[in-house]
Amino acid sequence: MSATTDYIGRFAPSPTGPLHMGSLVAAMASYLDAKAHQGRWLLRIEDLDFDRNVAGADQQILQSLQRCGMQWDGEVTWQSQRQDLYEAALRQLGDYVYPCACSRKEIADSRLRLGDTASQIYPGTCRHGIAPEKTARAWRLRVPEPEQGIICFEDRLCGSQSQNLATEVGDFVLKRADGFWAYQLAVVVDDAAQGINHIVRGADLIDSTARQIYLQGLLGLPTPSYLHVAVVTNANGEKLSKQTGALAFDRGDNDLLHEALLPAARFLGLQLSPASNLHEFWQQATMLWAKKLSIT
């Protein structure tokens with residue numbers, strides 16, 4: 001494999017609990033892609049949803065990654081320490097951003113009046129200003145009109161993707177009613193600030209990519225390469241998550257190589273020969289990942 005030293009990837013978990021198998025698959029894919037490119041792999045803790053953060057979960061995540069033999073490059077960053085960057089980006093967006101005074105109930109009522117109860121798209125109630133008696137609750141980003149709203153990108157694994165922001169997403173929130181920064185803005189700002197040029201993550205986030213590319217354009221930021229891997233599901237077909245009762249893969253004293261790493265690699269389509277230690281596992285997995293993605 002030839003060196004690609006300008007490759008910078010990342011893993012960005014939320015500290016809402018310990019890592020589960022779904023998290024491990026995403027971490028492994030991003031780690032293997034960075035190693036196959038002989039690039040850097042950064043770690044960012046996405047802890048902006050303060051109501052869901054679990055005390056000590058961030059340190060537990062770091063320990064689990066280290067127990068798996070996954071060592072990040074540089075210093076770990078925490079989103080909660082970078083909020084001035086998000087505020088600056090919001091100001092930079094200028095008139096593309098507008099205050100929204102709508103509650104969830106009011107948005108649902110607006111859809112009902114429009115006869116479009118199945119839609120999840122914001123109906124644009126506050127797009128041209130909020131009523132005098134209303135108070136701003138959130139801040140939204142204007143998306144283009146339908147004829148200019150199509151965002152296309154090439155996913156390294158999933159192929160060509162396209163989404164019309166106007167008809168499939170609508171004006172989306174950048175700062176929430178509870179004062180928390182929305183994922184879409186924070187992730188774009190952080191990836192650019194850290195020089196991330198390759199994003200490898202779960203396919204549950206592929207729907208967010210067009211919004212992020214649109215934001216990157218408005219802020220004058222580069223667009224990274226994207227690769228989305230399949231998500232792990234439970235017996236009911238639901239994505240593994242803390243909300244669906246996913247259990248931690250790391251119990252502190254269990255055999256992570258055979259109980260977690262090998263199953264995660266198989267889920268990613270890597271058919272490894274038996275490995276006796278972590279070094280052998282990662283060496284073999286990296287070679288198989290490079291072959292799978294035609295990385296030379």
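**Sheet, helix contact and overall dimensions**

Strand 2 (residues 40–45) and strand 3 run parallel and are joined by two bridges. In this predicted model, Ile45 has Trp78 of strand 3 as its bridge partner.

A helix pair was examined next. Two packed helices are described by the angle between their axes and by the distance between those axes. Helix 6 spans residues 183–193, and helix 7 spans residues 209–219. Their axes come within 10 Å and cross at roughly 55°. Helix 6 and helix 7 are therefore oblique to each other. Their crossing is right-handed. On helix 6, the contact is made by Tyr183, Gln184, Leu185, Val187 and Val188. Helix 7 contributes Arg211, Gln212, Leu215, Gln216 and Leu219. By class, the contact of helix 6 with helix 7 has six nonpolar residues, three polar residues and one charged residue.

At the level of the whole protein chain, the secondary structure comes to nine helices and ten strands. The radius of gyration of the protein chain is 20 Å. The globule rule gives 19 Å for 296 residues, a close value, so the chain is as compact as a globular protein of that length. Along the principal axes, the C-alpha atoms of the protein chain fill a box of roughly 70 × 40 × 35 Å.

Notes
Residues are numbered from 1 along each chain as its sequence is written. This is a predicted model: local features need pLDDT of at least 70, side-chain atom pairs count only at pLDDT 80 or more; totals for chains, interfaces and linings use all residues. Side-chain values use heavy atoms; hydrogens and water are left out. Axes are lines fitted to C-alpha atoms, for helices over the stretch in contact, and angles run from 0 to 180 degrees between N-to-C directions. Helices (H or I, at least four residues) and strands (E, at least two) are DSSP runs, numbered from the N terminus. Angles under 35 degrees count as roughly parallel, over 145 as roughly antiparallel, 65 to 115 as roughly perpendicular and the rest as oblique. A crossing is left-handed if the near helix is turned anticlockwise from the far one by less than a right angle, and right-handed if clockwise. Contact means heavy atoms within 4.5 Å. Ala, Val, Leu, Ile, Met, Phe, Trp, Tyr, Cys and Pro count as nonpolar, Asp, Glu, Lys and Arg as charged, and the others, Gly among them, as polar. Two strands pair if DSSP finds at least two bridges between them. The radius of gyration is taken over C-alpha atoms; the globule rule is 2.2 Å times the number of residues to the power 0.38.
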